[in-house]
Every structure is written in C-alpha cells, then in structure tokens.
Amino acid sequence: MIPSVLHAPAPGWTTDADVVVIGSGIAGLVAALRCRPHGRVLLVTKALLDAGSTRWAQGGIAAALAPDDTPEEHLADTLTAGVGVCDEDAVRALVTEGPDAVRALIDLGTAFDRSGGGIALTREGGHHRRRIAHAGGDATGAEISRALLAELKDSDVEVIEHALVLDLLKDAAGRAAGVTLHVMGEGQPGGVGAVRARAVVLATGGLGQVFSATTNPEVSTGDGVALALRAGAEVTDLEFVQFHPTVLWLGEGATGQQPLISEAVRGEGAHLVDHAGVRFMTGRHELAELAPRDVVTKGIINRMRETGASHMLLDGRHFGAAMWETRFPTILAACRHHGIDPVTEPIPIVPAAHHASGGVRTDLHGRTSVPGLYACGEVACTGVHGANRLASNSLLEGLVFAARIAEALPTDLQPATAPTDDLPALPGRPPEPTNALPEPNASAEPTGGLPGPEVASVLLGAGDAGLLAPEARAEVQRIMTSYVGVLRRAEGLETAVRELAELGRGDAEPGVEAWEATNLYTVASAIVAAARRREETRGSHWREDFPERADGTWRGRLVTRLAGNVLTTTYESLEGKRS
C-alpha cells in the first residue's frame, strides 16, 4: 500500500526560508537564482550540486534562433510530436519565450558552440529546422550547469547538499509551508530536519530509475512526484514515459544508468541500420531517422522483432575521426570505454527509459493543485510535451518555466510570519487499511475504451503503509521493465498490479534506501494505474492490445491523485480544445 507519509524520525533541526527549491538541475538553479528578489532562498539537492540529469544532457537546447526559423514552426513541431495532447498555451509560452531565455544563458557566460560568427545549430528528431544549440560538441548540459553554478556561487542563495526531501509540510489552511528532509553523509546539518518556507519549488528531476535500464542517474528515483502525491497534489500524463531510441547496448540484462547516444548524432547524418546494413527507418516516416522519438523507438523495436536481433546499429562511420573527436567527444569516449569505436564500426543501440513527459500537474506559472507548492523541469507536467517530448525541449522547459515561477511569486507569496518553534503539520496519516485486496480486473474501470468518470485503482498492498525494504527497488524495476516498458498490454499491466501488490507490504527501518524504494514503488504504481486506463496507442504509450490512436475517446489527459492509500485517475477530455 502507498503511504501518505514516509516513516521517518522527528526532525532534529529546523531552518527558515522564504523559498525552498528542491533540486539543482537547470530548473532548480534558474528558479533559485530568479527567486532571490523575493526573500531568502534555500536550495536543497540530493547529491552534489552538479549531480542531476542536466549535466548528462548531450544534444542541446531547442529554440528558434536561426534567421529562417520562427517560434510558430517550433510550436508546430512540438505539437506534432505531442500527438494531440499538448497544452498549446504552454507550448506557445515555451517557444516564444525560449529564444530570449537562451540569450540570457549566453549573457550569463554559457559558451555555446559557434559557427560562422553565430551559434552553431543542429537538427534532432522531430525538428524540421536546425534549432538545437549545443556546447562542447555533446556536453551541452554540463556547460549550462557550469554557467549557472558559477552564478549561484556569487549569489546569496544558501545550499544544502546530500539532502533527500521526504515530505511536504502544510499550514492549517492546507498551504505548503516547507518540507522535511534527511541530510546524508557529509551534508550539514545532518539527519532529519525541516525547512519552513512560504513557497516550495519542486525541481527534483525524473523517475527513470523505476526501470532496470535508463539514461537517468541513480538519484532519479521519482522523489518529487511521490512527495506531491502524498501531499495531495495532482499528477498527470504519467503513462507517457519516453524511451530514447539510441542508448548504447551493453549486452543482455544490462541494468542501471546506460550511456546515451544523442539524437544529435542522427541529426548530423548517422543512419540506423539492421545487422544486414539495411536502413529500416526509410519509408516508415518522412523524416526517417529524424522522426519523433516514439516513432523511431517503435521502428527499432519492430525491426528487432522482425529479425530476432537483440539490438540495432547506428552507423556514423562516414563522419570520420575528426568529426567524432570535435563534435561528439563525450559519446566517442563512452563508446571506446565499452570497446566500441564509432569511427570504424557501427554502434550497437537499443531503446531505454529516458524522460517522463508527465509529472506534477502545473499551470503556466508552475503552480500545482496545492497552494504554495510549485514544480518545474522534468518533475512537472506543464502540458508542453503531450504524449511524447520533442527532442531538446526539456532543457528549454526547465529554463522558461522556472523563470515563470519567479514571476508569479510576488503576488502568490503569503505574508511572512514571526518564527516559531512549532512546525507546520505533515500530511494526514492514512486511514485504517482494509485487508481486502481487489483483483486487478475488479476495479470500476470502463471497458471498450470508454474513458468514463473518476476511477479508483486497486489498493496496492494490505496492512500498514510502511516503508519498503531496500531490496524492493530491484523488484520494482524488474516489474516495470517486464510489463510496463516500451510495449504494453492488459495482461502484463494486470500482472504488474498483482506483483506490486505483493511487494507493497513494507515494515523496513527508515533510511535513504528504504525511502527511495518506497518512492519508486509509489511512482511505479501511479504509472501502472494510468497505463492500464489508457486503452489506445499514443506517443510513447504503446498498447499492443489497442494499437490505434483513438481521438474520439482518448484525446485527453489522465489526472492521478492519492486519496488515503488508493490511487484514483480522472479522465479530462481535450476534445474541442487546441492542441
């Protein structure tokens, strides 16, 4: 069963801030820097400041910077990739504010690669124009992170590193009033503590570690989405987990963080081929290898099925050594580290979990359904990505919407109150659980593809909603990889429900590994609930038993909430709305 609060010792220390930002990727850093005019800002990060997903971003950041490009064209490509369920207002904000936001990064000292006196731009999947700015060849995230961290160092933003956020604190009116967290190892102050704040900004990144193999770092355990669910916030679009088409194949059964082979490699002209050398994406889509990611991923999986191969190949031998060394030095080094030389041989690739298009539901200024709680970056669902993220829109989304949170705070912040020794309340404890465990097909879900009204998912587990043991992490990953990966069908999703239910009876002692395992379990349960509900194939949600897109019944969004220990999903139709 999903706990309403993570079991943890009482806070042993407290501190106060006007704004607490959780996470230090591009979204968290920009939010912290831009919120400084609104009072004391505290930035909390799970590991070191530069250990999040941003520094792993290779390809670049998308914006209409070229003279022959426009925000309208960027908008069109984003909406096409999102397959009918983007929020067009959010996309318009992204693409119109994006160019100036990137220029602001340049003013901050970000050194993008240059060509002919201007910024060098490349193409990636789903883009009809060259609009991807990159740095260090294929080290864009690392360079953006460097520039932002340099600015942070010279600011008055306070930082706590090695801190895992636990739960949201609320005041008597149900407004966010801070967080509890656990500071690990070398972090100070140590142990469980509490931060009281007038606003809480979640920028905790992704949830890729819910799968056995992912491009995400080990810290990406869905902590922000899990916290938001426990706090009563709405999350949406969780069924849309993007699997990157080209991840370095390390052999059968490889687990953990896998080396990414950037989409920019295909953007510069590398070809996807099977083991006979056939370019199998040609004819499957007008953009061939540069089709949107969901199309390319499905093309790869289908070709693997057709040929019985365990992986496909990415051929960039025609680049030559000089181009590999200057344009893709990071990827070249990673491949050679694993015994592959892209200069002389094709790269073995396979899809792997990469990006959550869904997350904590927000409006256009990062506000969640819990007053005082904001979200930006991958943890958030602004509606920009729809069913499938357009390549290199993620860094831009973090940049633009973090700044929008800062714009909203002056009117949103509640007046400061005098410090007190009393802590705001944690979310309520769960009600007494039932020992009855419904069968997966016994929920009130509609059949025949009809979305229907609000639906409660199965109660995942019985008994006390305690913490899962650390070893449950690998079991959650196995279940999700086996039944909720690229290919999904009802039988597998029902098996996932049953096996998660068997897993969800925890009584582990509080600790980082148990908290992470419980967060992964919470997020996995929410993904499964949404994936079971959406009876169609759309974008990165591929149902083999419902292989067609069904706009008449499923052009809408699934909103998930945690009530007590039970997840509920609500279908909201977008028919008649722009997208």
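Biologist: Which element gives the largest share of the lining of the largest cavity?
Modeller: That is α7, with four residues. This is a predicted model, where local features need pLDDT of at least 70, side-chain atom pairs count only at pLDDT 80 or more, and totals for chains, interfaces and linings use all residues. Residues are numbered from 1 along each chain as its sequence is written, and side-chain values use heavy atoms, with hydrogens and water left out.

Biologist: How many cavities are there of 30 Å³ or more?
Modeller: Three, from a search of the whole structure. A cavity is a set of points on a 1 Å grid over the protein atoms alone where a 1.4 Å probe fits but cannot get out, and lining residues have an atom within 4 Å of a point.

Biologist: How much space is in the largest cavity?
Modeller: About 70 Å³, taken as the space filled by probe spheres set on grid points joined across faces, edges and corners.

Biologist: Which residues line the largest cavity?
Modeller: Val241, Gln242, Phe243, Arg293, Asp294, Thr297, Lys298, Asn388, Val486, Gly539, Ser540 and Trp542. Helices (H or I, at least four residues) and strands (E, at least two) are DSSP runs numbered from the N terminus.

Biologist: And by class, what does the lining of the largest cavity have?
Modeller: Four nonpolar, five polar and three charged residues. Ala, Val, Leu, Ile, Met, Phe, Trp, Tyr, Cys and Pro count as nonpolar, Asp, Glu, Lys and Arg as charged, and the others, including Gly, as polar.

Biologist: Where does glutamate 289 lie?
Modeller: In the loop between β16 (271–273) and α7.

Biologist: Why does glutamate 289 count as buried?
Modeller: Because its relative accessibility is 4%. Buried means under 20% relative accessible area, exposed over 50%, partly exposed in between, with a 1.4 Å probe and protein chains only.

Biologist: What is glutamate 289 in contact with, leaving aside neighbours within four places in sequence?
Modeller: Arg266, Ala270, His271, Leu272, Arg279, Met281 and Val296. Contact means heavy atoms within 4.5 Å.

Biologist: How many residues of α5 are buried?
Modeller: Eight of eight in helix α5 (residues 223–230), so by count the helix is mostly covered. Just after α5, glycine 232 takes a positive phi of about 95°.

Biologist: Why is β11 described as largely enclosed?
Modeller: Because ten of the twelve residues of strand β11 (residues 191–202) are buried.

Biologist: Which strand pairs with β11 over eight bridges?
Modeller: Strand β1 (residues 14–22), in the parallel sense; pairing takes at least two DSSP bridges. Threonine 15 stands opposite valine 195 in β11. Strand β10 (residues 176–183) is antiparallel to β11 over six bridges, and threonine 180 has alanine 194 in β11 as its bridge partner. Strand β20 (residues 373–375) runs parallel to β11, joined by three bridges, with valine 201 opposite tyrosine 374 in β20.

Technical notes:
1 Å grid on protein atoms, 1.4 Å probe; cavity = no way out; pocket = protein on both sides within 12 Å on 5 of 7 lines; lining within 4 Å.
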